[in-house]
Amino acid sequence: MNKLSAQVKIYISLVTMLAAALVLRYVPHFYVAQEDILVIILFVLISVFSEYMAVTMPFVGMISVSFAIDLAAIMIFGIPGAIMITSLGYIGSFILNIHSDERSLDKFVFNLSLFIITVTVSGLAYQDAINFFGDKDHWHLIAALLAAVVFYLINATLLAILFSFLKKKSLGTIWIMNMRWAVPNLGVLAPIGYMLAYIYPHVGALGILFFFLPLLLARHTFKLYMDMRNMYLNSIKSMAAIIDAKDHYTAGHSERVTKYVLMICYEMGLDEEYIENLKDMALLHDIGKIGIPEQILNKPGRLNEAEYSKMKTHPVSGYDIVKNITFLKNPEVCKYHHERIDGKGYPEGLTGELIPLGARIIAVADAFDAMTTNRPYRKGMDPAAALKELERCQGTQFDQKVVTALTRAMEGMETPE
(Lines give C-alpha, C1' and ligand atoms only; values in the text may rest on other atoms or scores of the structure.)
Protein backbone atom coordinates (compact mmCIF):
# COMPACT_ATOMS: atom_id res chain seq x y z
CA MET A 1 0.00 0.00 0.00
CA ASN A 2 2.61 2.52 -1.07
CA LYS A 3 1.69 6.08 -2.05
CA LEU A 4 -1.75 5.90 -0.51
CA SER A 5 -4.33 8.44 -1.56
CA ALA A 6 -5.89 10.83 0.96
CA GLN A 7 -9.12 8.80 0.78
CA VAL A 8 -7.33 5.57 1.67
CA LYS A 9 -5.41 7.18 4.52
CA ILE A 10 -8.58 8.64 5.99
CA TYR A 11 -10.39 5.32 5.63
CA ILE A 12 -7.59 3.33 7.30
CA SER A 13 -7.47 5.92 10.09
CA LEU A 14 -11.23 5.62 10.72
CA VAL A 15 -11.08 1.81 10.75
CA THR A 16 -8.09 1.93 13.11
CA MET A 17 -9.83 4.33 15.49
CA LEU A 18 -12.93 2.14 15.58
CA ALA A 19 -10.79 -0.92 16.35
CA ALA A 20 -8.92 0.97 19.09
CA ALA A 21 -12.22 2.01 20.67
CA LEU A 22 -13.41 -1.61 20.68
CA VAL A 23 -10.16 -2.78 22.26
CA LEU A 24 -10.50 -0.17 25.03
CA ARG A 25 -14.12 -1.18 25.54
CA TYR A 26 -13.68 -4.96 25.77
CA VAL A 27 -10.06 -6.02 26.41
CA PRO A 28 -9.88 -4.61 29.99
CA HIS A 29 -12.60 -7.15 30.85
CA PHE A 30 -10.48 -10.05 29.62
CA TYR A 31 -10.00 -12.67 32.29
CA VAL A 32 -8.69 -16.18 31.94
CA ALA A 33 -8.60 -18.80 34.64
CA GLN A 34 -5.23 -20.39 35.34
CA GLU A 35 -6.40 -23.75 33.99
CA ASP A 36 -7.31 -22.13 30.68
CA ILE A 37 -3.95 -20.48 30.03
CA LEU A 38 -2.64 -23.48 28.07
CA VAL A 39 -5.78 -23.50 25.96
CA ILE A 40 -5.41 -19.79 25.18
CA ILE A 41 -1.80 -20.39 24.15
CA LEU A 42 -2.86 -23.25 21.86
CA PHE A 43 -5.53 -21.07 20.28
CA VAL A 44 -3.01 -18.29 19.66
CA LEU A 45 -0.42 -20.66 18.18
CA ILE A 46 -2.96 -22.20 15.79
CA SER A 47 -4.16 -18.69 14.86
CA VAL A 48 -0.55 -17.65 14.15
CA PHE A 49 -0.02 -20.69 11.96
CA SER A 50 -3.33 -20.17 10.14
CA GLU A 51 -2.53 -16.56 9.28
CA TYR A 52 1.08 -17.34 8.42
CA MET A 53 -0.07 -20.00 5.96
CA ALA A 54 -2.77 -17.81 4.38
CA VAL A 55 -3.41 -18.41 0.67
CA THR A 56 -3.46 -15.58 -1.87
CA MET A 57 -6.82 -15.47 -3.64
CA PRO A 58 -7.93 -13.46 -6.69
CA PHE A 59 -9.55 -10.06 -6.00
CA VAL A 60 -9.78 -10.48 -2.23
CA GLY A 61 -6.20 -10.60 -1.01
CA MET A 62 -5.53 -13.46 1.38
CA ILE A 63 -7.73 -16.22 2.78
CA SER A 64 -6.75 -18.15 5.88
CA VAL A 65 -8.47 -20.82 7.96
CA SER A 66 -8.22 -18.75 11.16
CA PHE A 67 -11.94 -17.93 11.11
CA ALA A 68 -12.70 -21.34 12.63
CA ILE A 69 -10.44 -20.44 15.56
CA ASP A 70 -12.04 -16.98 15.85
CA LEU A 71 -15.56 -18.42 15.95
CA ALA A 72 -14.62 -21.01 18.56
CA ALA A 73 -12.89 -18.31 20.63
CA ILE A 74 -16.03 -16.17 20.56
CA MET A 75 -18.14 -19.08 21.78
CA ILE A 76 -15.69 -20.23 24.47
CA PHE A 77 -14.02 -17.06 25.77
CA GLY A 78 -16.38 -14.28 24.71
CA ILE A 79 -15.49 -11.07 22.90
CA PRO A 80 -12.47 -10.02 25.04
CA GLY A 81 -10.82 -13.42 24.66
CA ALA A 82 -11.56 -13.57 20.94
CA ILE A 83 -10.03 -10.12 20.42
CA MET A 84 -6.87 -11.17 22.26
CA ILE A 85 -6.53 -14.46 20.36
CA THR A 86 -7.14 -13.05 16.87
CA SER A 87 -4.90 -10.02 17.55
CA LEU A 88 -2.00 -12.06 18.90
CA GLY A 89 -2.47 -14.55 16.07
CA TYR A 90 -2.16 -11.90 13.39
CA ILE A 91 0.70 -10.09 15.15
CA GLY A 92 2.59 -13.38 15.40
CA SER A 93 2.06 -14.20 11.72
CA PHE A 94 3.17 -10.69 10.76
CA ILE A 95 6.40 -11.09 12.71
CA LEU A 96 7.09 -14.42 11.00
CA ASN A 97 6.45 -12.79 7.60
CA ILE A 98 8.26 -9.56 8.44
CA HIS A 99 10.64 -9.86 5.45
CA SER A 100 7.87 -10.46 2.91
CA ASP A 101 7.65 -7.85 0.13
CA GLU A 102 3.90 -7.67 0.70
CA ARG A 103 4.25 -6.61 4.33
CA SER A 104 3.88 -2.93 5.22
CA LEU A 105 2.89 -0.96 8.30
CA ASP A 106 -0.28 0.32 6.64
CA LYS A 107 -1.34 -3.20 5.72
CA PHE A 108 -0.54 -4.47 9.21
CA VAL A 109 -2.57 -1.74 10.94
CA PHE A 110 -5.55 -2.16 8.63
CA ASN A 111 -5.63 -5.96 8.82
CA LEU A 112 -5.24 -5.99 12.61
CA SER A 113 -8.06 -3.44 12.90
CA LEU A 114 -10.17 -5.48 10.48
CA PHE A 115 -9.76 -8.63 12.60
CA ILE A 116 -10.66 -6.77 15.79
CA ILE A 117 -13.79 -5.22 14.29
CA THR A 118 -15.08 -8.38 12.62
CA VAL A 119 -14.51 -10.52 15.71
CA THR A 120 -16.16 -7.95 17.97
CA VAL A 121 -19.23 -7.36 15.82
CA SER A 122 -19.76 -11.06 15.14
CA GLY A 123 -19.26 -11.72 18.87
CA LEU A 124 -21.97 -9.19 19.67
CA ALA A 125 -24.27 -10.90 17.17
CA TYR A 126 -23.59 -14.24 18.87
CA GLN A 127 -24.24 -12.88 22.36
CA ASP A 128 -27.42 -11.04 21.34
CA ALA A 129 -28.77 -14.18 19.67
CA ILE A 130 -28.12 -16.26 22.81
CA ASN A 131 -29.74 -13.60 25.00
CA PHE A 132 -32.77 -13.51 22.71
CA PHE A 133 -33.30 -17.22 22.04
CA GLY A 134 -31.96 -18.78 25.22
CA ASP A 135 -28.95 -20.79 26.38
CA LYS A 136 -29.71 -24.11 24.69
CA ASP A 137 -27.43 -26.16 22.42
CA HIS A 138 -29.59 -25.75 19.31
CA TRP A 139 -29.79 -21.99 19.86
CA HIS A 140 -25.99 -21.90 20.18
CA LEU A 141 -25.85 -23.43 16.69
CA ILE A 142 -28.17 -20.75 15.29
CA ALA A 143 -26.23 -18.03 17.08
CA ALA A 144 -22.93 -19.38 15.75
CA LEU A 145 -24.32 -19.39 12.21
CA LEU A 146 -25.48 -15.79 12.64
CA ALA A 147 -22.06 -14.79 13.99
CA ALA A 148 -20.36 -16.44 10.98
CA VAL A 149 -22.58 -14.63 8.49
CA VAL A 150 -22.03 -11.30 10.24
CA PHE A 151 -18.27 -11.93 10.33
CA TYR A 152 -18.07 -12.44 6.57
CA LEU A 153 -20.44 -9.58 5.75
CA ILE A 154 -18.42 -7.11 7.82
CA ASN A 155 -15.11 -8.47 6.53
CA ALA A 156 -16.21 -8.35 2.87
CA THR A 157 -17.64 -4.85 3.23
CA LEU A 158 -14.62 -3.26 4.92
CA LEU A 159 -12.26 -4.90 2.43
CA ALA A 160 -14.44 -3.89 -0.54
CA ILE A 161 -14.40 -0.24 0.54
CA LEU A 162 -10.60 -0.31 0.79
CA PHE A 163 -10.10 -1.99 -2.61
CA SER A 164 -12.62 0.33 -4.26
CA PHE A 165 -10.42 3.25 -3.18
CA LEU A 166 -7.15 1.51 -4.07
CA LYS A 167 -8.23 0.17 -7.48
CA LYS A 168 -10.78 2.88 -8.31
CA LYS A 169 -13.41 0.27 -9.09
CA SER A 170 -17.08 -0.18 -8.25
CA LEU A 171 -17.70 -0.93 -4.57
CA GLY A 172 -20.59 -3.23 -5.47
CA THR A 173 -18.52 -5.22 -7.96
CA ILE A 174 -15.67 -5.78 -5.51
CA TRP A 175 -18.08 -6.65 -2.68
CA ILE A 176 -19.80 -9.29 -4.79
CA MET A 177 -16.45 -10.81 -5.77
CA ASN A 178 -15.37 -10.85 -2.11
CA MET A 179 -18.53 -12.65 -1.06
CA ARG A 180 -18.27 -15.06 -3.97
CA TRP A 181 -14.96 -16.29 -2.56
CA ALA A 182 -16.06 -15.94 1.07
CA VAL A 183 -19.13 -18.19 0.90
CA PRO A 184 -17.18 -21.45 0.26
CA ASN A 185 -14.77 -20.43 3.02
CA LEU A 186 -17.72 -19.88 5.36
CA GLY A 187 -19.28 -23.22 4.46
CA VAL A 188 -16.09 -25.11 5.28
CA LEU A 189 -14.81 -23.28 8.35
CA ALA A 190 -17.96 -22.34 10.28
CA PRO A 191 -18.86 -25.99 11.06
CA ILE A 192 -15.29 -26.68 12.18
CA GLY A 193 -15.33 -23.66 14.50
CA TYR A 194 -18.70 -24.61 15.97
CA MET A 195 -17.71 -28.24 16.56
CA LEU A 196 -14.45 -27.13 18.18
CA ALA A 197 -16.35 -24.93 20.66
CA TYR A 198 -18.98 -27.61 21.25
CA ILE A 199 -16.51 -30.42 21.98
CA TYR A 200 -13.95 -28.36 23.92
CA PRO A 201 -15.79 -28.48 27.30
CA HIS A 202 -15.84 -32.28 27.10
CA VAL A 203 -12.30 -33.06 25.91
CA GLY A 204 -10.32 -29.91 26.69
CA ALA A 205 -7.09 -29.05 24.89
CA LEU A 206 -7.07 -32.40 23.10
CA GLY A 207 -10.11 -31.27 21.10
CA ILE A 208 -8.21 -28.24 19.80
CA LEU A 209 -5.40 -30.44 18.48
CA PHE A 210 -7.93 -32.86 16.99
CA PHE A 211 -9.60 -30.09 14.98
CA PHE A 212 -6.26 -28.77 13.80
CA LEU A 213 -6.19 -31.55 11.19
CA PRO A 214 -9.43 -30.45 9.41
CA LEU A 215 -8.05 -26.90 9.36
CA LEU A 216 -4.90 -28.13 7.66
CA LEU A 217 -7.01 -30.03 5.14
CA ALA A 218 -9.12 -26.94 4.41
CA ARG A 219 -6.01 -24.85 3.90
CA HIS A 220 -4.50 -27.51 1.65
CA THR A 221 -7.68 -27.52 -0.46
CA PHE A 222 -7.56 -23.74 -0.93
CA LYS A 223 -3.87 -23.98 -1.84
CA LEU A 224 -4.46 -26.75 -4.39
CA TYR A 225 -7.17 -24.70 -6.07
CA MET A 226 -4.95 -21.64 -6.35
CA ASP A 227 -2.02 -23.72 -7.62
CA MET A 228 -4.25 -25.15 -10.35
CA ARG A 229 -5.50 -21.68 -11.22
CA ASN A 230 -1.96 -20.30 -11.42
CA MET A 231 -0.90 -23.22 -13.62
CA TYR A 232 -3.69 -22.49 -16.06
CA LEU A 233 -2.85 -18.76 -16.09
CA ASN A 234 0.77 -19.60 -16.86
CA SER A 235 -0.40 -21.91 -19.66
CA ILE A 236 -2.42 -19.03 -21.13
CA LYS A 237 0.64 -16.77 -21.07
CA SER A 238 2.79 -19.47 -22.66
CA MET A 239 0.31 -19.95 -25.50
CA ALA A 240 0.21 -16.20 -26.09
CA ALA A 241 4.02 -16.11 -26.18
CA ILE A 242 4.03 -18.89 -28.80
CA ILE A 243 1.73 -16.84 -31.02
CA ASP A 244 3.86 -13.72 -30.72
CA ALA A 245 7.05 -15.69 -31.32
CA LYS A 246 5.71 -17.05 -34.61
CA ASP A 247 4.56 -13.65 -35.84
CA HIS A 248 7.69 -11.69 -34.94
CA TYR A 249 6.52 -8.53 -36.66
CA THR A 250 3.84 -8.21 -33.96
CA ALA A 251 5.89 -9.43 -30.99
CA GLY A 252 4.19 -8.44 -27.75
CA HIS A 253 0.90 -7.79 -29.55
CA SER A 254 -1.19 -10.10 -27.36
CA GLU A 255 0.09 -8.55 -24.14
CA ARG A 256 -0.52 -5.02 -25.42
CA VAL A 257 -4.02 -5.85 -26.64
CA THR A 258 -4.76 -7.34 -23.22
CA LYS A 259 -3.56 -4.13 -21.59
CA TYR A 260 -5.91 -2.03 -23.72
CA VAL A 261 -8.77 -4.47 -23.14
CA LEU A 262 -8.35 -4.06 -19.38
CA MET A 263 -8.32 -0.28 -19.70
CA ILE A 264 -11.56 -0.38 -21.69
CA CYS A 265 -13.24 -2.81 -19.30
CA TYR A 266 -12.37 -0.80 -16.22
CA GLU A 267 -13.56 2.41 -17.87
CA MET A 268 -16.86 0.71 -18.76
CA GLY A 269 -17.25 -0.57 -15.18
CA LEU A 270 -17.66 -4.20 -16.18
CA ASP A 271 -17.91 -7.06 -13.70
CA GLU A 272 -14.56 -8.20 -12.29
CA GLU A 273 -15.13 -11.86 -13.13
CA TYR A 274 -16.11 -10.97 -16.71
CA ILE A 275 -12.96 -8.87 -17.03
CA GLU A 276 -10.81 -11.73 -15.77
CA ASN A 277 -12.31 -14.12 -18.32
CA LEU A 278 -11.98 -11.60 -21.15
CA LYS A 279 -8.35 -11.03 -20.18
CA ASP A 280 -7.65 -14.69 -20.99
CA MET A 281 -9.39 -14.44 -24.36
CA ALA A 282 -7.54 -11.22 -25.18
CA LEU A 283 -4.25 -13.02 -24.66
CA LEU A 284 -5.43 -15.82 -26.98
CA HIS A 285 -7.44 -13.88 -29.54
CA ASP A 286 -4.87 -14.60 -32.27
CA ILE A 287 -4.10 -18.20 -31.33
CA GLY A 288 -5.54 -19.31 -34.69
CA LYS A 289 -2.47 -17.81 -36.36
CA ILE A 290 -0.66 -20.97 -35.34
CA GLY A 291 -2.18 -22.50 -38.48
CA ILE A 292 -1.13 -19.64 -40.78
CA PRO A 293 2.08 -20.21 -42.82
CA GLU A 294 5.01 -18.16 -41.58
CA GLN A 295 5.67 -16.73 -45.02
CA ILE A 296 2.27 -15.05 -44.77
CA LEU A 297 2.60 -13.96 -41.16
CA ASN A 298 6.08 -12.54 -41.67
CA LYS A 299 5.65 -11.11 -45.16
CA PRO A 300 7.39 -7.70 -45.24
CA GLY A 301 4.57 -6.02 -47.15
CA ARG A 302 0.83 -6.07 -47.74
CA LEU A 303 -0.86 -9.42 -48.34
CA ASN A 304 -2.34 -10.32 -51.71
CA GLU A 305 -5.94 -11.52 -51.99
CA ALA A 306 -5.15 -15.22 -51.58
CA GLU A 307 -2.88 -14.57 -48.60
CA TYR A 308 -5.45 -12.31 -46.99
CA SER A 309 -8.15 -14.99 -47.46
CA LYS A 310 -5.90 -17.45 -45.66
CA MET A 311 -5.22 -14.95 -42.88
CA LYS A 312 -8.98 -14.45 -42.41
CA THR A 313 -9.32 -18.08 -41.32
CA HIS A 314 -7.47 -17.53 -38.05
CA PRO A 315 -10.51 -16.43 -35.92
CA VAL A 316 -12.40 -19.66 -36.66
CA SER A 317 -9.25 -21.74 -36.20
CA GLY A 318 -8.62 -20.03 -32.90
CA TYR A 319 -12.19 -20.64 -31.78
CA ASP A 320 -11.88 -24.33 -32.64
CA ILE A 321 -8.85 -24.48 -30.33
CA VAL A 322 -10.13 -22.53 -27.32
CA LYS A 323 -13.68 -23.94 -27.28
CA ASN A 324 -12.30 -27.27 -26.12
CA ILE A 325 -10.39 -25.76 -23.18
CA THR A 326 -12.87 -26.13 -20.31
CA PHE A 327 -11.49 -23.37 -18.06
CA LEU A 328 -11.81 -20.70 -20.79
CA LYS A 329 -15.06 -18.78 -20.80
CA ASN A 330 -16.75 -17.08 -23.76
CA PRO A 331 -14.64 -18.71 -26.50
CA GLU A 332 -16.87 -17.10 -29.17
CA VAL A 333 -15.03 -13.85 -28.45
CA CYS A 334 -12.02 -15.33 -30.24
CA LYS A 335 -14.17 -16.17 -33.26
CA TYR A 336 -15.80 -12.77 -33.68
CA HIS A 337 -13.09 -10.24 -32.89
CA HIS A 338 -12.83 -9.27 -36.59
CA GLU A 339 -16.54 -8.63 -37.04
CA ARG A 340 -17.70 -5.07 -37.80
CA ILE A 341 -20.67 -3.16 -36.45
CA ASP A 342 -21.93 -2.59 -40.02
CA GLY A 343 -21.80 -6.31 -40.86
CA LYS A 344 -18.83 -6.09 -43.23
CA GLY A 345 -16.47 -8.08 -41.01
CA TYR A 346 -15.68 -11.79 -40.88
CA PRO A 347 -16.17 -14.72 -40.46
CA GLU A 348 -20.00 -14.42 -40.28
CA GLY A 349 -20.78 -10.77 -41.00
CA LEU A 350 -22.53 -10.15 -37.68
CA THR A 351 -23.89 -6.67 -36.98
CA GLY A 352 -24.21 -4.40 -33.95
CA GLU A 353 -24.92 -6.07 -30.64
CA LEU A 354 -25.14 -9.48 -32.26
CA ILE A 355 -21.37 -9.32 -31.94
CA PRO A 356 -20.44 -10.33 -28.34
CA LEU A 357 -19.32 -7.37 -26.22
CA GLY A 358 -15.97 -8.99 -25.53
CA ALA A 359 -15.31 -9.33 -29.25
CA ARG A 360 -16.21 -5.66 -29.81
CA ILE A 361 -13.78 -4.67 -27.04
CA ILE A 362 -10.95 -6.80 -28.41
CA ALA A 363 -11.61 -5.43 -31.93
CA VAL A 364 -10.97 -1.87 -30.74
CA ALA A 365 -7.91 -2.83 -28.67
CA ASP A 366 -6.55 -4.94 -31.54
CA ALA A 367 -6.96 -2.13 -34.07
CA PHE A 368 -5.42 0.46 -31.75
CA ASP A 369 -2.33 -1.66 -31.20
CA ALA A 370 -2.05 -2.46 -34.92
CA MET A 371 -2.14 1.25 -35.79
CA THR A 372 0.37 2.33 -33.14
CA THR A 373 2.91 -0.45 -33.77
CA ASN A 374 5.72 -0.15 -36.33
CA ARG A 375 5.53 -2.52 -39.29
CA PRO A 376 8.12 -3.17 -42.03
CA TYR A 377 6.05 -1.24 -44.57
CA ARG A 378 4.98 1.69 -42.34
CA LYS A 379 5.68 3.51 -39.11
CA GLY A 380 3.24 3.26 -36.23
CA MET A 381 0.80 6.11 -35.74
CA ASP A 382 0.82 8.49 -32.81
CA PRO A 383 -1.71 7.26 -30.17
CA ALA A 384 -3.76 10.45 -30.47
CA ALA A 385 -3.99 10.00 -34.25
CA ALA A 386 -4.96 6.34 -33.79
CA LEU A 387 -7.75 7.35 -31.42
CA LYS A 388 -8.99 9.85 -34.01
CA GLU A 389 -9.08 7.06 -36.59
CA LEU A 390 -11.05 4.82 -34.22
CA GLU A 391 -13.52 7.66 -33.66
CA ARG A 392 -13.86 8.13 -37.41
CA CYS A 393 -14.77 4.47 -37.79
CA GLN A 394 -17.07 4.19 -34.77
CA GLY A 395 -20.59 3.14 -35.67
CA THR A 396 -19.38 1.40 -38.82
CA GLN A 397 -16.37 -0.72 -37.95
CA PHE A 398 -16.20 -0.25 -34.18
CA ASP A 399 -18.62 0.03 -31.26
CA GLN A 400 -18.96 3.68 -30.29
CA LYS A 401 -19.18 2.97 -26.53
CA VAL A 402 -16.01 0.91 -26.64
CA VAL A 403 -14.09 3.56 -28.59
CA THR A 404 -15.26 6.22 -26.14
CA ALA A 405 -14.12 4.05 -23.21
CA LEU A 406 -10.64 3.61 -24.67
CA THR A 407 -10.36 7.33 -25.41
CA ARG A 408 -11.31 8.25 -21.85
CA ALA A 409 -9.01 5.58 -20.43
CA MET A 410 -6.06 6.85 -22.45
CA GLU A 411 -6.73 10.41 -21.37
CA GLY A 412 -7.54 9.94 -17.70
CA MET A 413 -6.42 6.56 -16.42
CA GLU A 414 -3.16 4.83 -15.68
CA THR A 415 -2.54 1.62 -17.55
CA PRO A 416 -3.73 -1.24 -15.35
CA GLU A 417 -1.29 -3.95 -14.45
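A charge sits over a ring if NZ of Lys or CZ of Arg is within 6 Å of the ring centre and within 35 degrees of the ring normal. The model shown in these views is predicted.

**View 1. Lys-335 and its two partners.** The charged end of Lys-335 sits over the ring of Tyr-319, 5.0 Å from its centre. Lys-335 also takes part in a salt bridge with Glu-348, where the closest N and O atoms are 3.0 Å apart. Lys-335 counts as buried, at 15% relative accessibility. Glu-348 is partly exposed, with a relative accessible area of 43%.

**View 2. Two further salt bridges.** Side chains of opposite charge can pair when their charged atoms come close. Asp-342 and Arg-340 meet through their side chains in a salt bridge of 2.8 Å, N to O. Asp-342 is partly exposed at 28% relative accessibility, and Arg-340 is partly exposed at 22%. Glu-389 and Arg-392 also form a salt bridge, at 2.5 Å from N to O. These two residues belong to helix H15 (residues 383-392); Glu-389 and Arg-392 are three residues apart there, so about one helical turn separates them. Glu-389 is partly exposed, with a relative accessible area of 24%, whereas Arg-392 is exposed, at 59%. A search of the whole structure finds seven salt bridges.

**View 3. An aromatic pair in helix H3.** The structure holds 15 aromatic pairs. One of them joins Tyr-90 and Phe-94, with 6.4 Å centre to centre and 45 degrees between the planes, and this pair is tilted. Tyr-90 and Phe-94 are four residues apart in helix H3 (residues 66-96), so they are separated by about one helical turn. Tyr-90 counts as buried at 3% relative accessibility, and Phe-94 is buried with a relative accessible area of 13%. Tyr-90 and Phe-94 also belong to one aromatic cluster that includes Phe-108 and Phe-115.

**View 4. An aromatic pair in helix H6.** Tyr-194 and Tyr-198 form a stacked aromatic pair, 6.0 Å centre to centre with 20 degrees between the planes. The pair counts as stacked because its planes are under 30 degrees apart. In helix H6 (residues 171-203), Tyr-194 and Tyr-198 are four residues apart, or about one helical turn. Tyr-194 is buried at 12% relative accessibility, while Tyr-198 is partly exposed, with a relative accessible area of 36%.

**View 5. Surface patch and a charge over a ring.** Ile-10, Leu-14 and Met-17 make a nonpolar surface patch of about 320 Å². Leu-14 is found in helix H1 (residues 6-26). Arg-25 lies over the face of Tyr-26, at 4.6 Å from the ring centre.

**View 6. The whole chain, for orientation.** The secondary structure of the protein chain comes to 16 helices and two strands. Of its 417 residues, 49% count as buried. The accessible surface of the chain is about 20,500 Å², and 61% of that belongs to carbon and sulfur atoms. Among contacts with a separation of 6 or more, 68% are between residues 24 or more positions apart.

Note on methods
Residues are numbered from 1 along each chain as its sequence is written. This is a predicted model: local features need pLDDT of at least 70, side-chain atom pairs count only at pLDDT 80 or more; totals for chains, interfaces and linings use all residues. Side-chain values use heavy atoms; hydrogens and water are left out. A salt bridge is a side-chain nitrogen of Lys or Arg within 4 Å of a carboxyl oxygen of Asp or Glu. Buried means under 20% relative accessible area, exposed over 50%, partly exposed in between (1.4 Å probe, protein chains only). Patches are made of residues with over 30% relative accessible area and no salt bridge: like charges are joined within 9 Å, nonpolar side chains (Val, Leu, Ile, Met, Phe, Trp, Tyr) within 5 Å. Accessible areas come from the Shrake-Rupley method with a 1.4 Å probe; for residues, only the protein chains shown count as cover. Contact means heavy atoms within 4.5 Å. Rings of Phe, Tyr and Trp (its six-membered ring) pair if their centres lie within 6.5 Å; planes under 30 degrees apart count as stacked, over 60 as edge-to-face and the rest as tilted.
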